[in-house]
Amino acid sequence: MQIALIGLLQSGKSTILASLCGKAIPALGTAAIEEAIVPIPDNRFDRLIELYKPRKITHATIDCLDVPGFNFADDHGRAAARRLIAQIRTVDLLVLVVRAFENPAAPPYRNSVDPARDLAELQTELLLADLELVTTRIERLEKQIHKPAKTQARDKAELALHRKLQDAIESEKPISSAIDSDSERDMIKSLGFLTLKPSVVAVNVGEGRLGETFDFSTRLDSPVPVVAMCAELQYELSQLDAESRAEFMAEMGIAESAMSKFVKGCYSALGLISFLTVASCELRAWPIKEGTTAHEAAGKIHTDMKRGFIRAETFSYDHLKEFGSEKALRAAGKIRLEGKDYIVQDGDIINFRFNV
Ligand SMILES: Nc1nc2c(ncn2[C@@H]2O[C@H](COP(=O)(O)OP(=O)(O)OP(=O)(O)O)[C@@H](O)[C@H]2O)c(=O)[nH]1
Ligand SMILES: [Mg+2]
């Protein structure tokens, strides 16, 4: 699963990514997309570490792209943005980063800080990029349907769909709003429409504006979550050791960092949950799509586990927390032997029994 941080110039994308992976901010704006593996914080780990004292700890991760800032203010910038946009059509989620911080050392896009205007511009450009794709596809299909091909019926259906999408975009609606069925979604899945992807808006606020809420409801479809964060503060937090960070957060009355909430929000917007394993002295969280069966989940760990699947010995983290130990869980009959078709739940702790 891959997400992309996109936004206009100097909105704080690289700072956000640096705080997510605790690394240094790269030197001023590179021209290429940078990729980083971001660990997903898991509140359950502390307790499990205490109980199992694993030698190794592995978090679930998502792959995150830091896309150089778009500049639609001149032709050169537009051409560069087009090239970048073409490279993010395969990602699973878009994070639209907008700037709401003042910083004299980093001049803002179009010389003023205006998150609502920036979000509108960004969304319009995403719509235009999709419109271009729809238009090209319509032109091709219009030619194709006159040829005696086996795919004619399908091509006609696809053409009708693209005309509907074109209407939606022309009235400034995202493609997601015009899709009425799974079969329609399947028909256009491979084209990588940007406005069909789930998205999250990240407002990068200055420290002075923390606590302010941003209402973009006139611009957004209601399901798009908006999170506010101060990337600079988050970055500073990420550079502290765990103890000082906890102290600092306690002093400021912060229970959970904005970054942690944000990245967990992305994880669930991607439809991902985690199951856990505590075998071989390693505590590990595994990302799976909600609705994954035990059989498929076993395959995430090893193909042999899937091939030779016998049972999934399963208990929930919540039960473990309640009963205190595996022994107590066993005595209470809370350890289940699940079969191949069991739908794995978030927080399931699983020991796969297999035979090869
Ligand atoms: N005051 C303040 N400055 C910030 C904040 N976030 C980022 N900056 C500064 O703003 C500048 C741009 O930050 P980057 O993270 O490089 O922004 P970007 O969106 O990756 O920039 P481009 O890739 O060039 O588009 C840097 O000088 C940061 O130090 C913030 O929350 N507050
Ligand atoms: Mg950057």
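The model is predicted: local features require pLDDT of at least 70 and side-chain atom pairs count only at pLDDT 80 or more, whereas totals for chains, interfaces and linings use all residues. Residues are numbered from 1 along each chain as its sequence is written, and chains are lettered from A and ligands numbered from 1 in the order in which they are written. The protein chain holds 13 helices and 12 strands; these are DSSP runs numbered from the N terminus, with helices (H or I) of at least four residues and strands (E) of at least two.

**Overall architecture**

- Along the principal axes, the C-alpha atoms of the protein chain fill a box of roughly 65 × 60 × 35 Å.
- Of the 356 residues in the protein chain, 30% are buried (20 or more other C-beta atoms within 10 Å of the residue's own; exposed means 12 or fewer, partly exposed lies in between, and C-beta atoms are placed from the backbone).
- Among contacts (C-beta atoms, placed from the backbone, within 7 Å) with a separation of 6 or more, 70% join residues 24 or more positions apart.

- Setting aside residues up to four places away in sequence, methionine 229 touches Ala202, Asn204, Val205, Gln234, Ala258, Met259 and Phe262.
- In soluble globular proteins, nonpolar side chains tend to be buried together.

**Helix H1**

- Helix H1 spans residues 13–21 and is mostly covered, with 8 of its 9 residues buried.
- Those buried residues are Lys13, Ser14, Thr15, Ile16, Leu17, Ala18, Ser19 and Leu20.

**Packing of H4 against H5**

- Helix H4 (residues 115–144) and helix H5 (residues 152–170) have axes that come within 9 Å and cross at roughly 150° (axes are lines fitted to C-alpha atoms, for helices over the stretch in contact, and angles run from 0 to 180 degrees between N-to-C directions).
- H4 is therefore roughly antiparallel to H5 (angles over 145 degrees; under 35 is roughly parallel, 65 to 115 roughly perpendicular and the rest oblique).
- H4 contributes Leu127, Asp130, Leu131, Val134, Arg137, Ile138, Leu141, Glu142 and Gln144 to the contact, and H5 contributes Asp155, Glu158, Leu159, His162, Arg163, Leu165, Gln166 and Ile169.
- By class, this contact has 8 nonpolar, 3 polar and 6 charged residues (Ala, Val, Leu, Ile, Met, Phe, Trp, Tyr, Cys and Pro count as nonpolar, Asp, Glu, Lys and Arg as charged, and the others, Gly among them, as polar).

**Positive phi outside glycine**

- Lysine 53, a residue other than glycine, has a positive phi near 45° and sits in the loop between helix H2 (45–52) and strand S3 (56–58).
- Lysine 53 counts as exposed because it has 9 C-beta neighbours inside 10 Å.
- Glutamate 172, likewise not a glycine, has a positive phi of about 60° and lies in the loop between H5 and helix H6 (182–188).
- With 11 C-beta neighbours inside 10 Å, glutamate 172 counts as exposed.

**Lysine 306**

- Lysine 306 belongs to helix H11 (residues 303–307) and is partly exposed, with 18 other C-beta atoms within 10 Å.
- Apart from neighbours within four places in sequence, lysine 306 is in contact with His295, Ala298 and Gly299.
- Lysine 306 and asparagine 355 are 49 residues apart in sequence, and their C-alpha atoms are 9.5 Å apart in space.

Note on methods
Two residues are in contact if their C-beta atoms, placed from the backbone, lie within 7 Å.
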